[in-house]
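User: I'd like a close look at one part of this model. Could you walk me through it in plain words?

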Amino acid sequence: MKFKERGLKIFASVFLVMTLILSTTSLLAAEKITLQFWVSAYTPQSSKWYREVVIPKYEKLHPNIKIEYQEMGWGTNRTSKLTTAFAAGAGPDIYEAGSEHIADMYLRGEVYPNFEDKYLSKWAYKDKILPYAWYSSTWAGKRWGIPMYTEARPLVYRKSFFKEAGLNPNKSPQTWEQLKEYAAKLTIRDGSKLVRAGYDFSRLQGLAGVQEFMTFLWQNGGDYFDKNKNVIIDSPAGVETLAFMTELYQTVYPPGTAPLPAGTIPNFPSGKVAMGHGNWNIFQMLIYAPKELDDVGIGDPPVGRKKKVISCFSNWYLISSQSKHPDEAWEFLQFLARPENMGQLAAHLNAVPARRDALPIVAKSYKFMSKIAQITEKYAEPNRIYPEYEQLNTILGNYIDSACMGKMSPADAMKKIGEEWRKILAKAKWE
């Protein structure tokens, strides 16, 4: 009997040791999993939040996972970093895309194949995402990631400047004609020197000019393409839109007017700009002039010739086609997309969260975000997606600049845009 008991004890001890060995071996193996997480949009607040709050929290919940967080930025910085990484077979596990990227990313094979079928279709919270936010991550009939937040472009203005110019500080311009009239009344010059711009054209050149034009084009009932993907940007609506944009620009910047000098404080909070499209103006107020935040008015978009529209740009996170740990990446992506995390991220970026149930979190941080969210849901038009967007946008931006600055007529500029776009897209793949 004693021999039998001793044998059982020995067996139990051996079993325990083997279990511990196997458990330790499994844990050591699991600890080797590292996920590369690269973002493009960030602020000091969001960077700190990711590094000190979100990632440590996730790693504590998943001790076998290490998250390596990197910041790419936008434009050429993002393109260069991703191109180099994918060429070397070292693409990130999860990364951020903007509102215009999906076509080229899909064609280059940088998105995780079958993402919707394998992962997203089983995600219980996909119906929580606001409908307009899905646009930028959808291509070829499939969704390739999870929208995280939307940057909206409401009309933002300084109430005190409106009052000073004899305008109603509680009512934004309702038509294109009023927008131009208000811009003239709000502009202050000292000879050829611009003291205060009635409308914000400081970001005209390049992509910013393209996005301004896009908003006005939609308000005028125009578009870039028809339903068959034919270029219609140079339609009469496009010509009329650029003509208006040129008039608005020259109302603020007549020929010979020196541009606003760059200062350490951005133009809107420093009082050098009275009005413009874009919620970054409010964000700048939060940083540089928080005591004057009550002076900021947020208005409905002007009607234009056809309808009320604001442009919106939804950024999203996705799993890369080169991820070596897609299941673990999907778990982390779901964690990032929880309402508390999405809401905090949007608050740090001064944006509208993509989940409806995350809106109260942002509104709790910034009351004005409730109004921006309402305006966005009511009037938002998502940024258009098309192949070769960098080349096409460069062409569009250059001709917009030329027309606004009086170097060529709006009609001639739009004619050249249409010709060059068609030539490039004739060789491009859509899907």
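In what order do the three strands of the open sheet come, and is their pairing parallel or antiparallel?

Analyst: Keep in mind that this is a predicted model. The order in the open sheet is β10-β7-β11, and the pairing is antiparallel. At the edges you'll find β10, residues 275-277, and β11, residues 296-299. Each of these has a single partner strand, so one side of each is left without a neighbour in the sheet.

Now take β7, which covers residues 155-158, and its pairing with β10: the two run in the antiparallel sense and share three bridges. In general, the strands of a sheet pair through backbone hydrogen bonds, either parallel or antiparallel.

While you have the model open, there's also a helix pair to look at. Helix α9 (residues 236-252) packs against helix α17 (residues 410-425) at an angle of about 130°, and their axes are 9 Å apart. That angle makes α9 oblique to α17, and the crossing of the two is right-handed. On the α9 side, the contact is made by G238, V239, L242, A243 and T246; α17 brings in P410, A411, A413 and M414. Sorted by class, that contact has seven nonpolar and two polar residues, with no charged ones.

Note on methods:
Residues numbered from 1 in each chain as written. Predicted model: local features only at pLDDT ≥ 70, side-chain atom pairs only at ≥ 80, totals over all residues. Heavy atoms only, no water. Pairing = 2+ DSSP bridges. Helix = DSSP H or I, 4+ residues; strand = E, 2+ residues; numbered from the N terminus. Axes fitted to C-alpha atoms, helices over the stretch in contact; angles between N-to-C directions. Parallel < 35°, antiparallel > 145°, perpendicular 65-115°, else oblique. Left-handed = near helix turned anticlockwise from the far one by under 90°. Contact = heavy atoms within 4.5 Å. Nonpolar A, V, L, I, M, F, W, Y, C, P; charged D, E, K, R; others polar.
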